[in-house]
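Have the sequence and the model side by side.

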Amino acid sequence: FLKDNFFNSNLMSILFTPDFDPSEDYKKYLSINSDISNQVLNLIKSTLGPSSMDKFLCIEERENIITNDGATILNSIGINHPVAKILVEIAKSQDFEVGDGTTTVCLLSVEFINAAKKLIEEGHHFKKILRIFKKGAIITNQILQEVSENRNFKSTNALKKFLISCCATSLNSKLISGKRHIFSEIISDIGVLLGSKFDSSIISIKTIIGGSTSDSFLFKGIFIKKPFSYAGYEKQKKKFKYPYILLLDIELELKSEKINSETKINKMSKYKELIDAEWSLIYEKLDLIAKSNVKAVFSKQPIGDLATQYFAERGILCGGRVSNDDMIRLSKGTGGKILSTLLDLKKDFIGKCGLLEERQIGNERYLLLSGCLIEINTIIIRGSNLKVLEETKRCLNDGMMIVKKVLKDQRIVGGAGSIEMKIATKLRKYANNLSCDDQVLLQRFANCLEVIPKTLCENAGFDSTLILSKLVAKHNTKDCWYGVDIENGDIFDALGNYIWEPTSVKQNAIQASIEAACVILSIDNVLFN
């Protein structure tokens with residue numbers, strides 16, 4: 001079933017080679033699926049926690065990615081095996097739903113599969129294992145509801161500190177962990193400003209090469225790169241207070257025909273009329289714009305040198321070939337409509353803002369619009385190279401998803417493996433009341449959760465056996481939030497040290513992992529058409 005060369009060095013894909021006998025028993029298929037799952041996990045296992053390692057992905061000849069995000073890694077290398085795809089899908093689902101815990105969900109799922117494989121080898125029936133594992137997931141969810149710390153904040157400062165702690169915990173395992181407090185504060189400022197209306201679609205992230213990551217900042221408004229401009233742009237004003245802004249999807253440029261065309265005229269005087277008609281059409285559009293008293297014109301299509309000089313003479317700023325995303329953001333922020341005709345130009349279609357100015361940042365010039373009708377925020381990321389900027393942008397998307405979840409549900413649990421240890425301890429106590437067989441199965445389920453603190457220790461280079469024994473002893477002695485202290489190689493109170501994670505992240509990770517594991521464990525045959 002598995003070739004020796006499991007990973008194709010050229011395509012970096014996992015191969016599915018159906019050259020085995022479909023009549024083999026369930027244990028054979030389980031062993032195969034378990035091997036596949038473990039080999040997928042080995043790709044991302046080292047990306048868990050603050051001591052995680054990064055992966056350099058060579059996707060194409062000119063496209064490379066440096067990342068430690070589990071979903072990005074699995075989604076980029078082209079995994080084709082159907083069982084392996086299940087793990088890829090749950091990682092993508094976790095990333096889409098909560099933005100964090102993509103490696104955790106794969107790690108738990110594979111650990112459940114490995115535990116079930118050992119139990120089956122010991123003589124337990126797989127249906128009973130699945131039933132107890134599903135029951136364990138339900139009990140785990142109930143425990144999470146009971147132990148979650150519910151934080152309701154009346155003051156803005158308290159809410160901001162809370163959001164910073166949750167966001168910093170998420171960013172602590174990313175490439176930007178050293179600057180996590182800078183970016184956590186930026187994202188938290190947006191969260192406090194928008195509240196329950198927090199939406200990543202109205203938050204733009206712009207990357208500018210140059211400077212260091214510490215130079216990144218938050219701009220409360222719309223921030224776009226200076227659009228393409230022709231001669232005459234240098235004469236235009238660079239700063240406007242309370243300007244009216246017109247957004248167009250019209251080409252303001254004289255152009256030759258794109259295809260061969262022919263016009264027959266009887267007299268040479270008709271030729272002049274033909275040329276004058278073309279000029280009169282564009283001047284008619286420009287006059288309509290000038291009469292509307294707008295101070296800035298942006299268009300998705302080109303604005304030629306004639307229009308640029310015309311606007312410069314009348315003190316109007318213009319820019320063409322603006323990207324679709326920037327135009328949508330301009331429309332939302334200023335309240336203007338993107339027009340495809342100027343025949344019925346009304347004031348209701350024109351947008352406005354408090355201040356529009358052009359400013360140079362790094363080696364590029366940018367347009368900054370502040371005082372918009374709708375709160376639109378832009379995070380400007382600085383960095384030494386494009387790879388760092390791209391990964392920083394991916395990290396910030398995860399941080400924003402965490403803040404979005406926390407604003408909707410302010411229940412939190414301790415990180416650093418403390419919540420997994422707490423759940424495992426409570427599950428073992430619950431298992432003591434069950435029958436002999438069910439007790440063994442539920443205890444194995446509880447043991448699977450300990451793979452999170454164990455992997456955190458292994459990735460940091462600590463003795464996982466020693467630290468886990470300390471954690472088990474501590475949690476058995478009293479109800480606490482002790483987890484793995486990565487900095488000192490010991491254990492500490494995670495909740496007391498502000499290592500906070502949203503309850504929804506853990507709920508989604510455990511539920512998704514057990515569902516994926518049950519799907520893979522339920523396969524007892526492969527049939528071919």
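Tryptophan 500 is buried, at 6% relative accessibility. Buried means under 20% relative accessible area, exposed over 50%, and partly exposed in between, with a 1.4 Å probe and protein chains only. The tryptophan 500 ring and that of tyrosine 498 form a tilted pair. Tyrosine 498 itself is exposed, at 52% relative accessible area.

This is a predicted model, in which local features need pLDDT of at least 70, side-chain atom pairs count only at pLDDT 80 or more, and totals for chains, interfaces and linings use all residues. Residues are numbered from 1 along each chain as its sequence is written, and side-chain values use heavy atoms, without hydrogens or water.

The whole structure holds 9 aromatic pairs. One of them joins phenylalanine 162 and tryptophan 500, and is tilted. This pair links distant parts of the chain: phenylalanine 162 sits in helix H6 and tryptophan 500 in strand E19, 338 residues apart. Phenylalanine 162 is buried, with 1% relative accessible area. Rings of Phe, Tyr and Trp (its six-membered ring) pair if their centres lie within 6.5 Å; planes under 30 degrees apart are stacked, over 60 edge-to-face, the rest tilted. Helices (H or I, at least four residues) and strands (E, at least two) are DSSP runs numbered from the N terminus.

| Ring pair | Centre to centre | Angle between planes |
|---|---|---|
| Phenylalanine 162 and tryptophan 500 | 5.8 Å | 45° |
| Tyrosine 498 and tryptophan 500 | 5.3 Å | 50° |

Ring pairs also link Phe112, Phe133 and Phe445 into a cluster.

Next, helix H1, residues 26-44. Buried residues of H1 include Tyr26, Leu30, Ile36 and Ile44. The buried residues of H1 pack against H2, H3, H4, H5 and H16, where contact means heavy atoms within 4.5 Å.

Last, the largest pocket. A pocket is an open set of points on a 1 Å grid over the protein atoms alone, where a 1.4 Å probe fits, with protein on both sides within 12 Å along at least five of seven lines; lining residues have an atom within 4 Å of a point. Its lining has 46 residues, with Pro50, Thr169, Asn172, Ala416 and Ile499 nearest the centre. H6 gives the most, with 6 residues. Strand E19 (500-502) is among the elements that supply at least two.
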